Amino acid sequence: MIMATLLGALLLSSVHLFGERLTFLRAIPRSRWLSAAGGVSVGYVFVHLLPELGEHQETLERSLSLGFLEHHVYIAALVGLVLFYGLERMVREERPRGSKGGVHRAGVFWLHVTSFALYNGLIGYLLVHRETEGVRGLFLFVAALSLHFVVNDHGLRQEHRQAYHRFARWLLAAVVLAGWALAVVTRIDESFLAVLFALLAGGIVLNVLKEELPEERRSRFWAFAVGAAGYTALLLLI
């Protein structure tokens, strides 16, 4: 099973390294494939990840005595969404008016990239320590997150351009493998992992929606809807 998770990590890393070769994704109006990939990611979150949050909530209730917070893990998911939203707002507001990306200060660029590096590292870790074990769970996880990485990678390339191509894509690819390697040799405390998992779920929701909703993206609603419905059906059937 370790080799299977390693192959999954390599596939996820390759999205950042070779995603630029998918030239058909650059179209405006937005490529229907990008919108469909976003729909798959949202379907995975709501049908697979959010139910897992309930199981992580039980873990937190057993290990923590924070009686004043009845839904700790869901609060963490909300925090993840808000944190990524705040980061995206900061990146966009720092951009000079009229610019479409690629001119951010080094500090903003690295803050943005570092946040996604932590995000990717956690995904690499969860390849090994998922709530749903087995080949089926691994396949669903890798398939959905690969498409999610396609969406994220496209957005980061548009935002940072050459800086992303020269530096960031290598870092984001490497930390997936680093997260996988960490998971092979150690295991994070379950309560802490539950919080990280919740932050990731909130981040995925925000990162998909912020790529689909802006008016200038001219997204393909029906492709998004088909991607969400199709992957949801797959999750329910297998």
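**A buried salt bridge, ring pairs and a surface patch**

Asp153 is buried, and Arg157 is buried as well; here buried means under 20% relative accessible area, exposed means over 50%, and partly exposed covers what lies in between (1.4 Å probe, protein chains only). The model is predicted, with local features needing pLDDT of at least 70 and side-chain atom pairs counting only at pLDDT 80 or more, while totals for chains, interfaces and linings use all residues. Residues are numbered from 1 along each chain as its sequence is written, and side-chain values use heavy atoms, with hydrogens and water left out.

The side chains of Asp153 and Arg157 meet in a salt bridge, at 2.7 Å from N to O. A salt bridge is defined as a side-chain nitrogen of Lys or Arg within 4 Å of a carboxyl oxygen of Asp or Glu, and the structure holds 1 salt bridge. Both residues belong to helix α5, where they are 4 residues apart, about one turn of the helix. Helices (H or I, at least four residues) are DSSP runs, numbered from the N terminus. An α-helix has 3.6 residues a turn, so residues three or four places apart point the same way.

Helix α1 comes next. It covers residues 2-18, and Ile2 lies in it. The expected span of a helix is 1.5 Å times one less than its number of residues. For the 17 residues of α1 this should come to 24 Å, and the end C-alpha atoms are 24 Å apart, which agrees. Among the buried residues of α1 are Thr5, Gly8, Ala9 and Leu12. The buried residues of this helix pack against α4 (106-126), α5 (134-160) and α6, where contact means heavy atoms within 4.5 Å.

Ile2 itself is partly exposed, with a relative accessible area of 40%. Together with Leu182, Val184 and Val185, Ile2 forms a nonpolar patch on the surface, with about 350 Å² of accessible area in total. Patches are made of residues with over 30% relative accessible area and no salt bridge, with like charges joined within 9 Å and nonpolar side chains (Val, Leu, Ile, Met, Phe, Trp, Tyr) within 5 Å. Helix α6 (residues 162-185) gives the most to this patch, with 3 residues.

Rings of Phe, Tyr and Trp (its six-membered ring) pair if their centres lie within 6.5 Å; planes under 30 degrees apart count as stacked, over 60 as edge-to-face and the rest as tilted. By this rule there are 7 aromatic pairs. In one of them, the rings of Trp110 and Phe167 have centres 6.4 Å apart and planes at 50°, so the pair is tilted. Trp110 lies in helix α4 and Phe167 in helix α6, so this pair ties together parts that are 57 residues apart in sequence. Trp110 is partly exposed at 38% relative accessible area, and Phe167 is partly exposed at 48%. Elsewhere, ring pairs link Tyr44, Phe141 and Tyr231 into a cluster.

Helix α2 (residues 32-63) contains Val42 and also Ser41. Val42 is buried, with a relative accessible area of 15%, and Ser41 is buried at 3%. Leaving aside neighbours within four places in sequence, Val42 is in contact with Val208 and Phe224, while Ser41 is in contact with Ala144, Leu147, His148, Ile204 and Val208. Val42 and Ala228 are 186 residues apart in sequence, and their C-alpha atoms are 6.3 Å apart in space.

Note on methods:
Areas by Shrake-Rupley, 256 points an atom, 1.4 Å probe, with all protein chains shown as cover. Helix = DSSP H or I, 4+ residues; strand = E, 2+ residues; numbered from the N terminus.
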